[in-house]
Amino acid sequence: MIHLWLPLSLVCLLAGVGAYGVMARRNAVLVLIGVELILNSANLLFVTMGSVRGDGLQTGYVLTLFLITIAAAEIGVALAVVLALFRNRGNIDLSEPGA
């Protein structure tokens with residue numbers, strides 16, 4: 001069995017890099033990648049705590065499946081919004097004011 005600090009440190013690293021990507025980037029696609037990193041860190045946290053807890057309902061794994069489904073729907077809608085933004089503006093820079 002692996003130590004608990006290994007996956008938890010990876011969760012912190014993924015969440016930190018994702019938060020940096022959301023806050024510091026101006027490109028819409030890179031912001032979406034940051035959001036996906038944050039969601040993946042939540043997935044890893046659910047699986048880690050589900051394996052540590054060892055309950056009969058497997059709630060950590062079930063919540064991970066729900067979060068994967070929500071993330072897939074979110075990225076589909078977000079990429080459609082980015083595509084519409086590119087068609088209207090000609091670029092996907094989020095720091096420029098809208099036209």
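View 1. The expected span is 1.5 Å times one less than the number of residues in the helix. Helices are DSSP runs of H or I with at least four residues, numbered from the N terminus. This is a predicted model, in which local features need pLDDT of at least 70 and side-chain atom pairs count only at pLDDT 80 or more, while totals for chains, interfaces and linings use all residues. Residues are numbered from 1 along each chain as its sequence is written, and side-chain values use heavy atoms, with hydrogens and water left out.

**View 2. The buried residues of H2.** Ala 28, Val 31, Leu 32, Gly 34, Glu 36, Leu 39, Ser 41, Asn 43, Thr 48 and Gly 50 are buried in H2. Buried means under 20% relative accessible area, exposed means over 50%, and partly exposed lies in between (1.4 Å probe, protein chains only). The cover over these buried residues includes H1 and H3.

**View 3. H1 against H2.** Helix H1 spans residues 5-24 and helix H2 spans residues 28-53. Their axes come within 7 Å and cross at roughly 160 degrees. That makes H1 roughly antiparallel to H2. Axes are lines fitted to C-alpha atoms, for helices over the stretch in contact, and angles run from 0 to 180 degrees between N-to-C directions. Angles over 145 degrees count as roughly antiparallel, under 35 as roughly parallel, 65 to 115 as roughly perpendicular and the rest as oblique. The H1 and H2 crossing is left-handed. In a left-handed crossing the near helix is turned anticlockwise from the far one by less than a right angle; clockwise makes it right-handed.

**View 4. Residues at the meeting of H1 and H2.** On the H1 side, the residues that meet H2 include Pro 7, Leu 8, Leu 10, Val 11 and Leu 14. On the H2 side, the residues that meet H1 include Leu 30, Val 31, Gly 34, Leu 45 and Met 49. Contact means heavy atoms within 4.5 Å. By class, the contact of H1 with H2 has 17 nonpolar, five polar and no charged residues. Ala, Val, Leu, Ile, Met, Phe, Trp, Tyr, Cys and Pro count as nonpolar, Asp, Glu, Lys and Arg as charged, and the others, Gly among them, as polar.

**View 5. Met 49 in H2.** Met 49 is found in helix H2. Met 49 counts as partly exposed, at 36% relative accessibility. Leaving aside neighbours within four places in sequence, Met 49 is in contact with Leu 4 and Leu 8. Met 49 and Gly 60 are 11 residues apart along the chain, and their C-alpha atoms are separated by 6.5 Å.

**View 6. H2 against H3.** H2 and H3 pack at an angle of about 175 degrees, with their axes 8 Å apart. The two helices are therefore roughly antiparallel to each other. Their contact divides into 17 nonpolar, six polar and three charged residues.

**View 7. Thr 64 and Asn 43.** Thr 64 is found in helix H3, and Asn 43 lies in helix H2. Thr 64 counts as buried, at 9% relative accessibility. Asn 43 is buried, with a relative accessible area of 9%. Their C-alpha atoms are separated by 5.2 Å, with the residues 21 apart along the chain. Not counting residues up to four places away in sequence, Thr 64 touches Asn 43, Phe 46 and Val 47. On that basis, Asn 43 touches Thr 64, Leu 67 and Ile 68.

**View 8. Helix H3 and its end.** H3 covers residues 59-89. At 1.5 Å a residue, its 31 residues should span 45 Å; the end C-alpha atoms are 44 Å apart, which agrees. Buried in H3 are Gly 60, Thr 64, Leu 67, Ala 71, Ala 78, Val 82 and Leu 85. These buried residues pack against H2. Gly 90 follows H3, with a positive phi near 95 degrees.

**View 9. Gln 58 in the loop.** Gln 58 sits in the loop between H2 and H3. Its phi is near 55 degrees, a positive value in a residue other than glycine. Gln 58 is partly exposed, with a relative accessible area of 35%.
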